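Subject: A structure for you to look through

Hi there,

Here is the structure I promised to pass on to you. Have a look at it first, and then read my notes below with it open beside you.

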Amino acid sequence: MKSNSYHVPMTARQILLAVAAMAIVVVGSNVLVQYPINKWLTWGAISYPVAFLVADLINRRFGAKSARQVAVAGFVVAIVFSVWVATPRIALASGVAFLFAQLLDIYVFDRLRQQQWWRAPLIGGVAGATLDTILFFSIAFAGTGINWQALLVGDLAVKLAVNVALLAPFRALMWNIARPAKSA
């Protein structure tokens, strides 16, 4: 299913707020991923799935094109700030993983948008979180001596659980701030 073309464009203020939200989630997660909770989980797994919620809300209200624009802008801003708060390798891994995962999530969400309300955010979030986790951990930690495979499995499991938990806020917000904006 193709996305409907009736979405109105985002205002400059809406774009700024969306990009700021994305950047805060990604930069915060880049800091938190450096702090393991245990041998198979980092704090970043808990915060990062919120980036998919932001993208899905934008996609629902303004369409895939706006969601892609916010993802690309959020990617640029997050990379710039992540270099200052994380190692360059983590910033690079995060940027690559974030951009590809967000674009996948946006694509899947857009293809499923006309189905049951929960399908697009759930399946898009699972696809995006899986791609993000595999790319991030393999780029950030391969060859470092860190047991990144265990972290990958643990983080992915928690990201998927958080993705399911975020369906409730998505449902609540989709009828308010995320209802599709229609042109006059």
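This is a predicted model: local features need pLDDT of at least 70, side-chain atom pairs count only at pLDDT 80 or more; totals for chains, interfaces and linings use all residues.

Let's start with helix α1, which covers residues 12-32. This helix has 21 residues, and its first and last C-alpha atoms are 30 Å apart, close to the expected 30 Å at 1.5 Å a residue. Several of its residues are buried, including Ala18, Val19, Met22, Val26 and Asn30. What covers them? The cover for the buried residues of α1 includes α2 (44-47), α3 (50-62), α4 (64-85) and α5 (88-112).

The axes of α1 and α3 come within 8 Å and cross at roughly 160°. An angle over 145 degrees counts as roughly antiparallel, so α1 is roughly antiparallel to α3. On the α1 side, the contact is made by Gln14, Ala18, Ala21, Met22 and Val25. On the α3 side, Val50, Ala51, Val54, Ala55, Ile58 and Phe62 take part. The crossing of this pair is left-handed.

Now compare that with how α3 meets α5. Here the axes are 10 Å apart and the packing angle is about 40°, which makes α3 oblique to α5. This crossing is right-handed. Among the residues that meet are Phe52, Asn59 and Arg60 from α3, and Phe98, Ile106 and Asp110 from α5.

Which residues does serine 82 touch, leaving aside its neighbours within four places in sequence? They are Val27, Asn30 and Ala91.

On to the salt bridges. How many are there? The count comes to 2.

- Aspartate 110 and arginine 113 meet through their side chains, at 2.9 Å from N to O. Aspartate 110 counts as buried at 12% relative accessibility, and arginine 113 is buried at 5%.
- Lysine 159 pairs with aspartate 132, and their closest N and O atoms are 3.1 Å apart. Lysine 159 lies in helix α7 (residues 148-165) and aspartate 132 in helix α6 (residues 119-141), so this pair ties together parts that are 27 residues apart in sequence. Are these two buried or exposed? Lysine 159 is buried, at 4% relative accessible area, and aspartate 132 is buried too, at 5%.

The 23 residues of α6 should span 33 Å at 1.5 Å a residue, and the end C-alpha atoms are 32 Å apart, which agrees. Just after α6, glycine 143 takes a positive phi of about 80°.

As for α7, its 18 residues reach 25 Å from the first C-alpha to the last, close to the expected 26 Å. Its buried residues include Trp148, Leu151, Gly154, Val158 and Asn163. What do the buried residues of α7 pack against? Their partners are β1 (36-38), β2 (41-42), α2, α6 and α8 (167-174).

I hope you enjoy exploring it!

Best wishes

Notes. Residues are numbered from 1 along each chain as its sequence is written. Side-chain values use heavy atoms; hydrogens and water are left out. Helices (H or I, at least four residues) and strands (E, at least two) are DSSP runs, numbered from the N terminus. The expected span of a helix is 1.5 Å times one less than its number of residues. Buried means under 20% relative accessible area, exposed over 50%, partly exposed in between (1.4 Å probe, protein chains only). Contact means heavy atoms within 4.5 Å. A salt bridge is a side-chain nitrogen of Lys or Arg within 4 Å of a carboxyl oxygen of Asp or Glu. Axes are lines fitted to C-alpha atoms, for helices over the stretch in contact, and angles run from 0 to 180 degrees between N-to-C directions. Angles under 35 degrees count as roughly parallel, over 145 as roughly antiparallel, 65 to 115 as roughly perpendicular and the rest as oblique. A crossing is left-handed if the near helix is turned anticlockwise from the far one by less than a right angle, and right-handed if clockwise.
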